[in-house]
Amino acid sequence: MSKPKIRKKRHNGMKRAQRFFNRTRIWTWEADRDPRDDTQRAIAEARTIRGWERLDGDVANALVRHRHNWIICVRALCQNIHGAEWVEEEVRIARNVVLNDFQDLYLGLRAEVLKAQRLDQVIDVGWICGTFGDNRTPDDEALSLHGIGKPSKERQATWRQVHEAKAGQREAA
């Protein structure tokens with residue numbers, strides 16, 4: 001009778017998660033609030049053989065808890081009085097970081113985006129992050145244009161309330 005084969009290399013959960021989440025994106029807008037408890041909603045998607053598929057909440061939470069290479073784009077949806085729309089953006093690349101830890105980076109990029117724009121033209125501000133593998137170069141083309149949504153006066157009013165609340169929190173700190 002032969003002995004069972006002993007595996008010398010141990011399973012690495014982090015590497016498995018990095019392979020699983022190799023091509024994912026997650027985004028949110030400050031005005032996209034859950035009406036029940038006013039929390040900000042985020043949407044996560046993964047690239048599969050069937051195209052981009054939405055991830056459920058548990059999988060999305062695992063995505064932000066593991067270390068990945070991220071393209072981080074903070075963006076502002078803007079519109080002038082003539083109806084022309086555009087996106088103002090700031091993009092950074094962060095390697096081997098946990099997305100939950102990027103709050104300070106977000107606030108800095110958010111300030112840069114808003115500094116470059118008149119506040120009366122801002123409809124909403126948000127971020128989108130995409131993962132990329134160790135051996136790939138980050139591809140940020142069209143990342144800032146994904147999931148923009150439609151500008152509206154209601155969305156702009158909600159964003160202004162959130163923006164004023166954030167400003168009040170910074171002053172209190």
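## Pocket lining

Four elements, β1, β2 (40-48), α2 (57-65) and α3 (103-115), each supply at least two residues of the lining of the largest pocket. Helices (H or I, at least four residues) and strands (E, at least two) are DSSP runs, numbered from the N terminus. A pocket is found on a 1 Å grid over the protein atoms alone, as an open set of points where a 1.4 Å probe fits, with protein on both sides within 12 Å along at least five of seven lines. Lining residues have an atom within 4 Å of a point.

The lining counts 21 residues. Nearest the centre of the largest pocket lie Ile26, Thr28, Ala42, Val64 and Trp127. β2 gives the most to the lining, with 5 residues. The volume of the largest pocket is about 490 Å³. That volume is the space filled by probe spheres set on the grid points, which are joined across faces, edges and corners.

## Model and conventions

This is a predicted model: local features need pLDDT of at least 70, side-chain atom pairs count only at pLDDT 80 or more, and totals for chains, interfaces and linings use all residues. Residues are numbered from 1 along each chain as its sequence is written, and side-chain values use heavy atoms, with hydrogens and water left out.

## Overall build

The protein chain holds 4 helices and 6 strands. Along the sequence they follow the pattern α-β-β-β-α-β-β-α-β-α. Of the 173 residues, 38% are buried. Buried means under 20% relative accessible area (1.4 Å probe, protein chains only).

The accessible surface of the protein chain is about 11500 Å² by the Shrake-Rupley method with a 1.4 Å probe. Carbon and sulfur atoms account for 49% of that surface.

The 6 strands form an open sheet in the order β3-β2-β1-β6-β4-β5, with antiparallel pairing. Its edge strands are β3 (51-54) and β5 (85-98), each of which pairs on one side only. Neighbouring strands are turned by 20° against each other on average, direction ignored. Here axes are lines fitted to C-alpha atoms, and angles run from 0 to 180 degrees between N-to-C directions. Two strands pair if DSSP finds at least two bridges between them.

β2 and β3 pair over 4 bridges in the antiparallel sense. A hairpin of 2 residues joins β2 to β3. In this pair, Glu45 stands opposite Arg54 in β3.

## Around β6

β6 (residues 122-132) runs antiparallel to β1 (residues 24-33), joined by 5 bridges. Trp27 stands opposite Ile128 in β6, and Trp29 has Gly126 as its bridge partner there. β4 (residues 67-79) is also antiparallel to β6, with 10 bridges. Val74 stands opposite Trp127 in β6. Trp127 is also one of the residues nearest the centre of the largest pocket.

β6 is mostly covered: 11 of its 11 residues are buried.

## Helix α2

Which residues of α2 are buried? They are Ala60, Ala62, Leu63 and Val64. Their cover includes β1, β2, β4, β5 and β6. Val64 is also among the residues nearest the centre of the largest pocket.

Technical notes. Buried means under 20% relative accessible area, exposed over 50%, partly exposed in between (1.4 Å probe, protein chains only). Contact means heavy atoms within 4.5 Å.
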